[in-house]
Amino acid sequence: ASSIFIQVFKLCLYVLLQIEAQGNLCRDGLGTCEDCDQKCKTKHGPSSESSCDRSVGVALCTCFYQCTPPTPPSAPTRPTCNSGTTLCTEQCSDSCCDTNCAQSHDGGHGICNSIGNTRLCLCEYPC
């Protein structure tokens, strides 16, 4: 009986080392050992491995699985600046305004906007 225990222990150790070698190893206590492997694989996927610990008197199921890496924080958005220094005309309408803004301001876009009787080329760009 002790040789079976040693073989099971070695197998568990091998599996855990394989999971750990692939990245972060996480563990999740799943209660008693009844249907331990099924509970583990259902909750954490087919690559997860279960283990029953009987050292505390009650057989407790622990599931070992590959942790997902934390999501890196998103880059802070840069504030947007606006300018409106040129006029839109029949010769220079929306596409011309957009091109002029892109050439004047890195990452800039422009649209023609009517303010009263005046059509102004409004540029929006990262500050």
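# Strands, disulfides and cores in a predicted model

Strand β3 is largely enclosed by the rest of the structure, because five of its seven residues are buried. Here buried means under 20% relative accessible area, exposed means over 50%, and partly exposed is what lies in between, with a 1.4 Å probe and protein chains only. Helices (H or I, at least four residues) and strands (E, at least two) are DSSP runs, numbered from the N terminus.

The model is predicted, and local features need pLDDT of at least 70, while side-chain atom pairs count only at pLDDT 80 or more, and totals for chains, interfaces and linings use all residues. Residues are numbered from 1 along each chain as its sequence is written, and side-chain values use heavy atoms, with hydrogens and water left out.

## The partners of β3

Two strands pair if DSSP finds at least two bridges between them. Strand β1 is joined to β3 by six bridges, and the two run antiparallel; within this pairing, Thr32 stands opposite Leu60 in β3. Strand β2 (residues 49-53) also runs antiparallel to β3, and five bridges join them, with Thr62 in β3 as the bridge partner of Ser51. Together β2 and β3 form a hairpin with six residues between them, and Gly57 in the turn has a positive phi of about 100°.

A positive phi also occurs at Asp35, about 55°, although this residue is not a glycine. Most residues other than glycine have a negative phi. Asp35 is placed in the loop between β1 (25-32) and α2 (36-44), and because its relative accessibility is 48%, it counts as partly exposed.

## The open sheet and its helix

Three further strands form an open sheet in the order β4-β6-β5, with antiparallel pairing. Its edge strands, each pairing on one side only, are β4 (80-87) and β5 (109-115). On average, neighbouring strands of this sheet are turned by 30° against each other, direction ignored; such angles run from 0 to 180 degrees between N-to-C directions, and the axes are lines fitted to C-alpha atoms, for helices over the stretch in contact. Strand β5 pairs with β6 (residues 118-126) in the antiparallel sense over seven bridges, and in β6 the bridge partner of Asn113 is Leu120. Helix α3 (residues 94-104) packs on the sheet and touches β5 and β6, and its direction makes about 130° with that of β5. Contact means heavy atoms within 4.5 Å.

## Disulfides

A disulfide is a covalent bond between the sulfur atoms of two cysteines; in this model it is taken as a pair of cysteine sulfur atoms within 2.5 Å. A search of the whole structure finds nine disulfides, and the table lists some of them.

| Pair | Sulfur distance | Torsion about S-S | Handedness |
|---|---|---|---|
| Cys36 and Cys61 | 2.0 Å | 80° | right-handed |
| Cys81 and Cys127 | 1.8 Å | about 115° | right-handed |
| Cys88 and Cys112 | 2.0 Å | -90° | left-handed |

Where in the chain do Cys36 and Cys61 lie? Cys36 is in helix α2 and Cys61 in strand β3 (residues 60-66), 25 residues apart, and the pair links distant parts of the chain. Both Cys36 and Cys61 are buried. Cys81 lies in strand β4 and Cys127 in the segment after β6, so this pair ties together parts that are 46 residues apart in sequence. Cys81 is partly exposed, with a relative accessible area of 24%, and Cys127 is partly exposed as well, at 42%. The pair of Cys88, in the loop between β4 and α3, and Cys112, in strand β5, ties together parts that are 24 residues apart in sequence. Cys88 counts as buried because its relative accessibility is 8%, and Cys112 is buried with a relative accessible area of 13%.

## Nonpolar cores

In soluble globular proteins, nonpolar side chains tend to be buried together. A nonpolar core is a set of buried Ala, Val, Leu, Ile, Met, Phe, Trp, Tyr and Cys residues joined through side-chain atoms within 4.5 Å. The largest one here has nine residues in all: Cys26, Leu30, Cys33, Cys36, Cys40, Cys61, Cys63, Tyr65 and Cys67. Two or more residues are given to this core by each of β1, α2 and β3, and the largest share, three residues, comes from β3. Leaving aside neighbours within four places in sequence, Cys40 is in contact with Leu30, Gly45, Ser48, Glu49, Ser50, Cys63 and Phe64. Another core of seven residues lies apart from the largest one, and among its members are Cys97, Cys101, Cys112 and Cys123.
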